[in-house]
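User: I would like to learn how to read a model of a complex. Please start with confidence and then go on to contacts and helix packing.

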Amino acid sequence: MSEHLHQVTVSVNGVTRRGEIPARRLLADFLRMDLGLTGTHLGCEHGVCGACTVLLDGVPVRSCLMFAVSADGHAVTTVEGCCDPGGELGPVQQAFQECHGLQCGFCTPGFITTIAAYLEENPKPTEEEAREAIGGNLCRCTGYQNIVAAVLRAAEIKREREAPHE
Amino acid sequence: MKPPPVMYHGPDTVDEAVRLLAEHGGQAKVLAGGQSLVPMLNMRLTAPARLIDVNRLDELAYVRTDLEGVRVGALARHADVERATHAFEAVPLLRQAVRTVAHPTIRNRGTTVGSLVHADPCAEMPAVLALLDGEVLLRSERAGERVVKAADFFVGPMESVCQEDELAVEAYFPKPKGRTGTDWREMSRRTGDYAMCGVGTAVRVDESGGVTSAKAVFIGMGPVPSVIDVTGAADWTAAAEHAADRLDPEDDIHASAEYRRHLARILTARSLKAAYEAVAP
């Protein structure tokens with residue numbers, strides 16, 4: 001049986017991308033296999049680990065729990081889109097580097113997108129809030145200490161970069 | 001861990017969705033937030049021939065509050081319910097409970113009405129609907145619109161009375177009568193996991209602080225959310241004992257039945273006390 005294909009148009013990291021895909025193509029697989037954006041990682045594929053988290057219209061969602069066809073007409077931001085406009089590391093990425101917030105890096109894309117969105121709403125989290133913010137993302141390497149530190153550092157970097165220059 | 005082949009429908013209106021369900025009901029599943037359905041598809045625990053994706057039904061993406069209570073449309077995400085301050089002010093239990101539904105990322109996508117229809121005995125929102133004596137509005141071409149009370153809506157684990165050709169359109173959470181305090185608390189292995197035991201309570205008091213009604217509802221403790229009336233107990237500990245004695249939880253990998261009953265006793269006493277103190281003069 002050949003599967004019916006659907007035309008989708010999705011704005012990915014600000015670029016309009018089109019695809020022709022079967023209904024069952026997960027958004028994560030569309031990003032990785034059809035668009036070649038392999039920054040989004042698939043861990044558990046049932047919504048538990050958080051590695052595949054992307055932003056849908058700015059809001060974190062699990063891309064393994066969404067069909068690409070449902071994303072038609074929407075805007076998706078992946079870890080590749082979490083850098084600054086000039087291509088330098090974004091505040092969250094910079095903070096992860098400074099604080100050693102990653103080891104193997106597999107879970108990192110999900111953390112970066114989740115934290116980037118979180119800081120938009122909560123620009124100055126406490127340590128406890130930072131822990132809560134990343135509660136839905138699993139990391140098997142770090143023990144989370146450095147990731148929590150990276151959330152707080154990212155908030156600082158973001159404030160510094162957004163502060164009006166003298 | 002990839003979903004099986006499926007025919008996809010993405011209706012733009014409720015009428016179209018209901019028509020599609022009339023046509024394909026027996027072999028179609030409604031896809032709303034997908035936070036339970038898509039894992040089941042990925043793990044191939046279910047394989048419907050068709051999916052009817054209701055994510056374009058913007059007309060159902062609402063959380064409305066009036067003097068009577070809160071109406072939640074089928075496309076309102078848990079996060080919409082959580083953020084709606086008007087809903088919190090009218091029915092505080094909604095926010096108290098929805099905050100413990102999984103993680104924020106799941107709440108951004110998962111819908112409250114979808115959670116009701118899914119009827120997971122460990123899920124929070126069915127229990128909230130049950131404790132508040134809420135209702136679900138169902139629509140089909142066959143039966144038109146019908147309103148089902150919470151007490152009749154949940155029939156078993158993962159089973160509600162929503163028929164294969166029916167679309168759950170709206171959930172109604174009535175504002176508790178009089179001076180009523182509510183509380184939600186649960187114990188899970190990790191934050192955001194399904195609770196081993198969860199309890200919601202509603203305590204109504206008169207002007208002098210006398211308790212005129214006290215009820216508790218439980219999750220993870222039986223096949224459907226069970227509401228237990230504990231009005232008239234000597235104190236909160238006795239009320240919690242009374243409730244826990246009426247529960248019949250099962251053992252599983254996360255907790256033994258005895259531990260679950262222990263949790264129910266402790267959490268219920270604390271929860272009733274907190275609900276009472278929220279409104280006591």
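Analyst: pLDDT is the predictor's confidence in each residue, on a scale from 0 to 100. In this predicted model, local features need pLDDT of at least 70 and side-chain atom pairs count only at pLDDT 80 or more, while totals for chains, interfaces and linings use all residues. Residues are numbered from 1 along each chain as its sequence is written, with chains lettered from A and ligands numbered from 1 in the order in which they are written. Chain B has an average pLDDT of 97, and 100% of its residues score at least 70. For the complex, the predictor gives an ipTM of 0.95 and a pTM of 0.96.

User: How many residues do chain A and chain B bring to their contact?

Analyst: Two residues are in contact if their C-beta atoms, placed from the backbone, lie within 7 Å. On that basis, 23 residues of chain A and 25 residues of chain B take part. Strand β4 (residues 59-62) of chain A supplies the largest share of the chain A side, four residues. Helices (H or I, at least four residues) and strands (E, at least two) are DSSP runs, numbered from the N terminus.

User: Into which domains is chain B divided?

Analyst: The bounds come from an automatic or database domain assignment. For chain B they give domain 1 (7-53), domain 2 (58-174) and domain 3 (179-279). The C-alpha centres of domain 1 and domain 2 of chain B are 18 Å apart. Between these two domains of chain B, 14 residues of domain 1 are in contact with 21 residues of domain 2. Helix α1 (residues 14-24) of chain B gives the largest share of the domain 1 side, six residues.

User: How do I read a pair of packed helices?

Analyst: Two packed helices are described by the angle between their axes and the distance between the axes. Axes are lines fitted to C-alpha atoms, for helices over the stretch in contact, and angles run from 0 to 180 degrees between N-to-C directions. Angles under 35 degrees count as roughly parallel, over 145 as roughly antiparallel, 65 to 115 as roughly perpendicular and the rest as oblique. In chain A, the axes of helix α2 (residues 91-98) and helix α5 (residues 145-162) come within 8 Å and cross at roughly 130 degrees. α2(A) and α5(A) are therefore oblique to each other.

User: Which residues of α2(A) and α5(A) make the contact?

Analyst: Among them are A:Pro91, A:Val92 and A:Phe96 of α2(A), and A:Ala150, A:Ile157 and A:Arg161 of α5(A).
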